[in-house]
Amino acid sequence: MKEFIEWCNDNQGFLTFLLSTFTILISIIAIIVSIRTAKLPYYKRAILNSTQNYIVKAGNVSPVPYEIELSFSNIGNCPIGLHTLAIGFHYKNNMSQLYSLEDGNISEQIVQPAGIVRHKYKFSNIVLFLKDESSKNNSRINLNTKLYIFARDTEGKTYKRFYGTVENILKLLPSNKTSD
């Protein structure tokens with residue numbers, strides 16, 4: 001131990017270097033923490049969900065969903081201006097553009113933090129669109145096309161979540177019947 005103390009007394013420059021390096025490291029960490037803290041009030045984040053609503057008549061539940069309800073929940077710290085909430089698909093592997101199955105434009109709404117916006121689609125309209133499009137020769141979609149729930153805010157940012165494939169949606173239909 002005595003040798004270590006003598007070595008430290010003889011090598012003061014080395015200890016000064018270690019202390020300076022440690023101080024600079026702590027300063028960098030403090031700057032990063034303060035920048036992240038300053039950004040917190042402007043944090044944007046959302047969750048997209050979907051629900052299938054069924055009709056119940058005299059205790060019997062319809063085997064086909066009546067409507068699909070989409071919801072957009074703002075879980076961030078600042079309001080989000082919402083422009084579109086829809087079900088859509090990518091066309092020709094163009095991942096930057098989503099095409100909506102129905103008009104998903106909602107009157108531009110401001111979704112406050114912890115706020116929710118809901119939009120409903122009739123299941124029969126979606127199925128008719130999918131059947132018509134998938135039966136065409138030069139169709140933009142086929143049975144393996146992936147469907148997404150997506151929302152666009154007023155700043156152009158797109159939030160999306162995988163919903164299923166066209167084939168999975170059409171499997172919800174009874175084999176002999178068409179939807180109402």
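Predicted model: local features only at pLDDT ≥ 70, side-chain atom pairs only at ≥ 80, totals over all residues.
Three aromatic pairs turn up in the count, and two of them are walked through below.

**Helix packing**
- Helix α1 (residues 2-10) packs against α2 at an angle of about 85°, and their axes sit 5 Å apart.
- That makes α1 and α2 roughly perpendicular to each other.
- On the α1 side, the contact uses W7, C8, N9 and D10, while α2 brings in Q12, F14 and L15.
- Sorted by class, this contact has four nonpolar, two polar and one charged residues.

**F72 with Y159**
- F72 and Y159 pair up edge-to-face, with 5.5 Å centre to centre and 75° between the planes.
- F72 belongs to strand β4 (residues 67-74) and Y159 to strand β10 (residues 158-165), so the pair ties together parts that are 87 residues apart in sequence.
- F72 is buried at 0% relative accessible area, and Y159 also counts as buried, at 9%.

- Y148 comes from strand β9 (residues 146-153) and F162 from strand β10, so parts 14 residues apart in sequence are tied together.
- Y148 is buried at 11% relative accessible area, whereas F162 is partly exposed at 41%.
- K160 lies over the face of Y148, 4.7 Å from the ring centre.

**Y42 in its loop**
- You'll find Y42 in the loop between α2 (12-39) and β1 (46-53).
- Y42 is exposed, with 65% relative accessible area.
- Its C-alpha atom is 8.0 Å from that of G76, though Y42 and G76 are 34 residues apart along the chain.

Key: Residues numbered from 1 in each chain as written. Heavy atoms only, no water. Helix = DSSP H or I, 4+ residues; strand = E, 2+ residues; numbered from the N terminus. Buried < 20%, exposed > 50% of the residue type's maximum accessible area, 1.4 Å probe, protein only. Axes fitted to C-alpha atoms, helices over the stretch in contact; angles between N-to-C directions. Parallel < 35°, antiparallel > 145°, perpendicular 65-115°, else oblique. Contact = heavy atoms within 4.5 Å. Nonpolar A, V, L, I, M, F, W, Y, C, P; charged D, E, K, R; others polar. Phe/Tyr/Trp six-rings, centres within 6.5 Å; stacked < 30°, edge-to-face > 60°. Lys NZ or Arg CZ within 6 Å of the ring centre and 35° of its normal.
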